[in-house]
Amino acid sequence: MPKLFSEEWVKEYMRLLNESEEYAQAAKDWEGDFLFVVEPDEGLTEPMYIYLDLYHGKARDGYMVKDPSQVSAAFEFRGKYSNWKKLLNGEIDPIKGLVTGKFKLRGNMAKVMRYAKAAKALVEVAQKVETELPE
């Protein structure tokens with residue numbers, strides 16, 4: 001089982017994302033890449049990062065990032081590890097998580113809000129990846 005945000009996890013996530021009809025439909029016009037950031041808390045001692053290049057309903061590229069200063073993404077979505085666990089367990093909606101301050105977004109918030117269905121589909125696909133969470 002791949003560890004959260006590991007290289008193996010990202011590749012499996014991309015494979016499932018590229019097979020998702022729901023995501024393909026919801027994000028058919030989307031153009032924008034993301035840096036996803038897990039901030040340490042609840043036993044996680046170091047931040048974790050992944051990069052995803054999302055384009056017209058597909059993930060064109062994705063990888064684990066060791067140094068976020070080396071990545072220039074249009075969007076950055078970040079939150080505490082405890083909130084990421086809730087997101088992956090379906091306890092937090094990604095858009096409501098932004099609105100309530102559990103997650104922070106850098107980039108064009110209005111554009112992300114227009115693609116709320118795509119954001120939900122991204123999370124639903126992430127929930128399908130068998131994931132080993134750090135303890």
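This is a predicted model: local features need pLDDT of at least 70, side-chain atom pairs count only at pLDDT 80 or more; totals for chains, interfaces and linings use all residues.

## A strand pair to start with

Leu52 stands opposite Gly62, a residue of β3.

- Five strands build an open sheet, and their order across it is β3-β2-β1-β4-β5, with mixed pairing.
- β3 and β5 are the edge strands, since each of them pairs on one side only.
- From one strand to the next, the twist averages 15°.
- The pairing of β2 (48–55) with β3 (58–65) is antiparallel and runs over 7 bridges.
- These two strands form a hairpin with 2 residues between them, and in this hairpin His56 takes a positive phi near 50°.

- Helix α1 covers residues 7–19, has 13 residues and reaches 19 Å from its first C-alpha to its last, close to the expected 18 Å.
- This helix lies across β2 and β3, and its direction is at about 170° to that of β3.
- Which residues of α1 are buried? They are Trp9, Val10, Tyr13, Met14, Leu16 and Leu17.
- An α-helix has 3.6 residues a turn, so residues three or four places apart point the same way.
- The buried residues of α1 pack against α2, β2, β3 and α6 (116–128).
- Ser20 sits in the loop that joins α1 to α2 (21–26).
- Is Ser20 buried or exposed? Ser20 counts as buried because its relative accessibility is 13%, below the 20% cut-off.
- The side chain of Ser20 reaches the backbone nitrogen of Tyr23 at 3.0 Å.

**A closer look at Trp9**

- Trp9 is part of helix α1, and it counts as buried because its relative accessibility is 2%.
- Leaving aside neighbours within four places in sequence, the residues in contact with Trp9 are Pro2, Lys3, Leu4, Ile50, Ala126, Val129, Glu130 and Thr131.
- Between Trp9 and Asn108 there are 99 residues of separation in sequence and 27 Å in space, C-alpha to C-alpha.

**The nonpolar cores**

- The largest nonpolar core has 41 residues, and the members that touch the most others are Phe5, Trp9, Tyr13, Phe34, Leu54 and Phe77.
- Which elements give two or more residues to this core? They are α1, β1, β2, β4, α3, α4, β5 and α6.
- The largest share of this core comes from α6, with 7 residues.
- A second, separate core has 7 residues, including Val37, Tyr51, Val65 and Ala73.

**Helix α3**

- Helix α3 spans residues 81–88 and is mostly covered, with 6 of its 8 residues buried.
- Those buried residues are Tyr81, Ser82, Asn83, Trp84, Leu87 and Leu88.
- Their packing partners are β1 (31–39), β4 (75–80), α4 (94–99), β5 (103–106) and α6.
- Just after α3 comes Gly90, which takes a positive phi of about 80°.

How values were computed
Residues are numbered from 1 along each chain as its sequence is written. Side-chain values use heavy atoms; hydrogens and water are left out. Helices (H or I, at least four residues) and strands (E, at least two) are DSSP runs, numbered from the N terminus. Buried means under 20% relative accessible area, exposed over 50%, partly exposed in between (1.4 Å probe, protein chains only). A polar contact is a pair of N or O atoms within 3.5 Å; within protein, one must be able to donate a hydrogen and the other to accept it, and residues adjacent in sequence count only if both atoms are side-chain atoms. The expected span of a helix is 1.5 Å times one less than its number of residues. Contact means heavy atoms within 4.5 Å. A nonpolar core is a set of buried Ala, Val, Leu, Ile, Met, Phe, Trp, Tyr and Cys residues joined through side-chain atoms within 4.5 Å. Two strands pair if DSSP finds at least two bridges between them. Axes are lines fitted to C-alpha atoms, for helices over the stretch in contact, and angles run from 0 to 180 degrees between N-to-C directions.
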